[in-house]
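This briefing goes from the chain as a whole to a few local features. Please keep the sequence and the structure at hand while reading.

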Amino acid sequence: MTDMHNGAQLDFDGEMSYGDYLGLDTLLDAQHPLSPDHNEMLFIIQHQTSELWMKLMLHELYAARAHIAQDDLSPAFKMMARVARIMAQLVHSWDVLATLTPSEYSAIRPYLKQSSGFQSHQYRLIEFALGNKSTVMMRPHRHKTAIHAELEHELHTPSLYDEAVCALARHGFEIAPDVLERDWSQPRPYSADVEAAWLAVYQQPNEQWELYELAEKLVDLEDSFRQWRFRHLTTVERIIGFKRGTGGTSGAGYLKGVMDIQLFPELWRVRTSL
């Protein structure tokens, strides 16, 4: 008799299966539409999967930052590249949500009440880890003690870019002390010293290869982050136009404003100096 199952194990009584390993019973039971509309399942799964990807992003960003702080740059490059690819994945995921028409979203929107992606604490942690610090953005999480404490910790921790700037100093580049020792909870201001250091790195790539590669990985990361934000903006405009967001923001207007934020300004300015 022909083996129709190619030797695959078929009995999992007492054994760990694929579903057990991935916790699929919990994961697939986490979708609870509140409206009678067919399209709400898309809306829920879109945002739930985004949160899973963001969890992986934080896992990679924290590890990359730790490696940079130890001048162990090679592993950090792989982690940063992975984050950039995750962001690219999320850019394409907006294509699926964009199949939701304005009339379909209007049927769902009243059931969302005040809930909004603006309140994603993982997205806020990613921004903090990349250097876009803001105490105001912690307020929506004051009612969640553990989450607020996690945000508070990240607020006061050097960002990925802060650690990259410290690495420049450890490699002999002159960086002002107030750039290296400052209040990490504040957005990092532009520094002429940092731009000069990156300029020297770009002018001598063979002599400063690891720092040169670090610079390019940082630029890749911010480039991907900008594309992710831009696709979010265009999807919002396509579905709700210029209505206010469910969380109270100006919606597309708010998203346009954050598009102007530069995470690593010296790395963008240095291109003009080369």
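Of the 274 residues in the chain, 42% count as buried, and this figure, like every other one here, refers to a predicted model. The secondary structure amounts to 13 helices and zero strands, while the C-alpha trace extends over about 65 × 60 × 35 Å along its principal axes.

**Whole chain**
- When contacts between residues at least 6 apart in sequence are considered, 71% of them join residues at least 24 apart.
- The chain exposes about 15,200 Å², of which carbon and sulfur atoms supply 55%.
- Its side chains include 25 positive and 37 negative ones, and the centres of these two sets lie 9 Å apart.

**Helix α6**
- Helix α6, which covers residues 121-130, is mostly covered, with nine of its ten residues buried.
- Among the buried residues of α6 are Arg124 and Glu127, together with Leu125, Ile126 and Phe128.
- Just after α6 comes Gly131, whose phi is positive at about 110°.

**Surface patch**
- Met16, Tyr18, Tyr21 and Leu22 form a nonpolar patch on the surface, and together they have about 540 Å² of accessible area.
- Leu22 belongs to helix α1, residues 18-22, and is classed as partly exposed because its relative accessible area is 40%.

**Loop between α8 and α9**
- Gly172 sits in the loop that lies between α8 (160-170) and α9 (177-180), and since its relative accessibility is 61%, Gly172 counts as exposed.
- The C-alpha atoms of Gly172 and Ala197 are separated by 9.4 Å, although the two residues are 25 residues apart along the chain.

Notes
Residues are numbered from 1 along each chain as its sequence is written. This is a predicted model: local features need pLDDT of at least 70, side-chain atom pairs count only at pLDDT 80 or more; totals for chains, interfaces and linings use all residues. Side-chain values use heavy atoms; hydrogens and water are left out. Patches are made of residues with over 30% relative accessible area and no salt bridge: like charges are joined within 9 Å, nonpolar side chains (Val, Leu, Ile, Met, Phe, Trp, Tyr) within 5 Å. Accessible areas come from the Shrake-Rupley method with a 1.4 Å probe; for residues, only the protein chains shown count as cover. A salt bridge is a side-chain nitrogen of Lys or Arg within 4 Å of a carboxyl oxygen of Asp or Glu. Helices (H or I, at least four residues) and strands (E, at least two) are DSSP runs, numbered from the N terminus. Buried means under 20% relative accessible area, exposed over 50%, partly exposed in between (1.4 Å probe, protein chains only). Contact means heavy atoms within 4.5 Å. Lys and Arg count as positive and Asp and Glu as negative; His and the chain ends are not counted. The place of a charge is taken as NZ of Lys, CZ of Arg, CG of Asp or CD of Glu.
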